[in-house]
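Please open the model in your viewer and keep the sequence panel beside it. The tour below moves from one selection to the next and says what is to be found at each stop.

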Amino acid sequence: MNAGTEGVPLSCEHLSIRYGGTRVLEDVSFSVPSGCVYALLGRNGAGKSSLVRCLVGQQRATSGRAVLFGRDVWRDRAALMARVGVVPEEPDAPPELSPARLVALTGRLYPRWDEAATRERLRRFAIPMETRFARLSKGQKGAVQLALALGHAPELMILDDPTLGLDVVARDQVFSEVIGELADRGTTILITTHDLAAIEGIADRVGMLREGRLVLDESLEAVKERYALPLERIFADVTSASAGGAR
Amino acid sequence: MSERVAVRGLMAVAAREVSERIALLGLAVVVAAVPFLAPWIGIGDRPLLGVLLGVVMVLAAAVLTGSSVIASDLAERRLGFFFSRPVPWWSIWGGKMLAAFVLTFVAGAIVLGPSAAVGDWRLPGGGWWVRIGVPGLIAVIGTVNVLAVGYRARSLWFAADLAMTGALVWIVIRTSRGLMTWGVWAISYEFITPALWALAAAVTVAGAAQMARGRADITPSHRVMSIALWAVLTPVALGYAAWGTWVQRMGPADVRSVLSAWSAPKGSWIVVTGRAGWPRPEGLSATLLVNTSTQQFRRLGPGFSPLRPPFTSDAMRAVWVSDPFGQKPRLTVADLGSGEPALTDVPLPVPPGSVRGFALSPDGRQAAIAQDALATVFALGSQQASVTFPLGSGRLSAIVFDVVGRAHVLSARQDFLLPGTLDILVLDPATRKGSVTGHIDTRGNPLEVWGPGGERVAVVHRQERRPSLTLHDGTTGALVATLVPEGRAGRIAATFLRDGRLAVVESGSGVILRVFSAEGAESWSLDVSPTYSVTRATEVAPGVIAVELSFRGRGSRSDTVLVDETAGRVIRRENGLRPAASSWFAWRAQAGPDDGSLFVDDRGALVRLDIVTGARQVLLGGS
């Protein structure tokens, strides 16, 4: 247990990732306070997904570490996942199972599991319960993953570009209904996304990655005040190759 | 997180994997019916088909499940579904491997069970499952998993995996072949069981490490898996190779049980073939050249060669063929004149192929080799043959040099097991010519024993049933005498004495020793034993014949009756001893009188017997 980060749901400490000679992340440090919605932004290939894999204990950092609730997530992944909900960028549920069977299977993997609430959430998303996961649309798959990630009432949600490939209606549903609701309940959220307009209304803090480095990590309000520009423009300026560090 | 959740997670993962592949069990039910329908649709024998389909089903299920339960999820990035849940890695890995094991086992049981139930085959006992069944299944499933992950990772590490596999397989095959050459049967339960368990352990450790350290990403998973796999298998393979090398370095002190031995015409060098004991493996045998005075020794090669290494008459050299049954036999000379015997490989000017007979001229200058289709005489050390001659059907052939340095050998015109004619070939290195000088009619399956200098040859016909014995001129093949007609003895053994006479032992209701002159006239006969036994006669000292009585066949307890060959009377019976030179294996290609006074006792010790006093001196082995 790390005394300094014990109360912080999520923090990165000098985290670097290299694949052979290729640098993906370089000395990334930030933390997400309790109840905060943290939007991690970056262009394609900036290292967001690698960072998320480190944050959920599925990949080991080359150096530094990811810490959830004061514990090293690589070492204590299994215990920590009881408090964390994860929605991956690509749906990874077993393709041959129906949502109904996925709910049953996932429930057996958690010590606490609210099956009724999960089924209710899937009903609200209008998911056909007996259709094989592989046959669902991309939006439906994302909704199922989201419902499964929420079934154990996590204290921390990590969402890796959850609206990628979704239509406008589905995107609004994810952001306004789900993330908004979670934020209102005080759940800590880390979300990576390209949908800057959508996060503008819900994010408390924003971090921007450029070529593996965290070049911005501030409250959204402070960023907007400092730049006096729309978030899209700020993102473009900060993450363009010619820009200098803005941290 | 409680253990209960972890175990529940393991079972949930396993159940999901089984349910995904439940069609496999349906297929097994269909396949199980095939053997019972076979008689009606005419596709083969029910018991054979049942077992064949069962084995195929087990292997197919193992390959199918082993290649998919983990590798597919890894390659398609679906393993993160489980890793983002609060279950430990071993729940995920254990659940998947348990499912693969259960599916394979149940699929096999479904196919094999009905045919076992109707008595087409018997279920193996518990020992088989521990030795082969369980480690075999784990090894197959785990190996397929390792291969599938490596293949689907599509990285350079897979090329390294294949290279390592090739290197270790080469080491294991080379070591096993070496061991088998030395009589250690490396394709037996004693070797296969530890090999299977080692492979099962290695692929299990590799799979576990892959899941524990590589987790949901196939590239690091594969890397970790490879490192773990080779970290286990490399020391095992190198350890096996080192052990194999150590095993083959057998010396006189390692001999527990002597099989045969004979001594040089003079001096203290002997050649001994013996089996090793613990800690070396059962079955290991070697032929050693040993100086009984100084304990110096040289390994001549594996045991059980029928080509006993001959000494020159001055005992200054011993010559032997290494790897006689390989495609590239070698000829080695031991110079016994120096303090430390020097070994030299000398040219063997014969075509590739196994050697069926070998002889050295008494002066040690000429050597003769019989191969499957060729007899060759050459000067020792020469790159070229002096004379060659075609030889009949491949069989172990005794060769002998006569007093003028010509080699005599028998050649069968037909399959040597059938009745027909044996040609006498004489190869003369002086004139560089070979010729057929005579013929001998045989009833089939002949065994020849040459007299000193090749003047006479005794032939036992049809050794296996109603044998007979004839004596012939060693050059023309002219029949000198029929010494034992067909139907008189159950077994016949013959050996020439130093003076040219022939000692014959007939085994029937009793054992009779008869001695004949070189002209076939019977000198005397002696009832050695009133009961049947497997026998041999050997001249163990000038004027003394030892008759071995082996009561229950080879390898069992033997007694020896010493007989005065002049007076034709028993000197004494030596209990628990047999003449060392009369090895059942080395005897077939015997080309001259045995050199004696070496015996093997019932404990397998090589003993020098004082013929006069009966005192026994243990030289080696027996402990």
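**First stop: a residue in chain B**

Select Ala107(B), which is buried, with 27 other C-beta atoms within 10 Å; a residue is called buried if 20 or more other C-beta atoms lie within 10 Å of its own, exposed if 12 or fewer, and partly exposed in between, with C-beta atoms placed from the backbone. This is a predicted model, in which local features need pLDDT of at least 70 and side-chain atom pairs count only at pLDDT 80 or more, while totals for chains, interfaces and linings use all residues. Residues are numbered from 1 along each chain as its sequence is written, and chains are lettered from A and ligands numbered from 1 in the order in which they are written.

Ala107(B) belongs to helix 6 (residues 89–117) of chain B; helices (H or I, at least four residues) and strands (E, at least two) are DSSP runs, numbered from the N terminus. Leaving aside residues up to four places away in sequence, Ala107(B) touches Leu24(B), Leu25(B), Ala28(B), Met57(B), Val58(B) and Ala61(B), where contact requires C-beta atoms, placed from the backbone, to lie within 7 Å. Ala61(B) is 46 residues from Ala107(B) along the chain, yet their C-alpha atoms are separated by 7.0 Å.

Just after helix 8 of chain B, look at Gly183(B), which takes a positive phi of about 90°.

Colouring chain B by domain gives domain 1 (1–123), domain 2 (127–248) and domain 3 (489–623), with bounds that come from an automatic or database domain assignment. The C-alpha centres of domain 1 and domain 3 of chain B lie 63 Å apart.

**Strands of chain A**

Turn now to chain A, which has nine helices and ten strands. Its open sheet of four strands has the order 2-1-4-5, with antiparallel pairing; two strands pair if DSSP finds at least two bridges between them. Strand 2 (22–32) and strand 5 (71–72) of chain A stand at the edges, each with a single partner strand, so one side of each is left without a neighbour in the sheet. Two bridges join strand 5 of chain A to strand 4 (residues 63–68) of chain A, and Val67(A) has Asp72(A) as its bridge partner.

Then select strand 6 (residues 84–87) of chain A, from which Val84(A) and Val86(A) point one way and Gly85(A) and Val87(A) the other, all of them buried. Strand 6 of chain A pairs in the parallel sense with strand 7 (residues 156–160) of chain A over four bridges, and Val86(A) has Ile158(A) as its bridge partner there.

**Last stop: where the chains meet**

Finally, show the contact, which takes 20 residues from chain A and 21 residues from chain B. On the side of chain A that touches chain B, helix 2 (77–80) and helix 3 (99–107) of chain A each supply at least two residues.

Methods
Contact = placed C-beta atoms within 7 Å.
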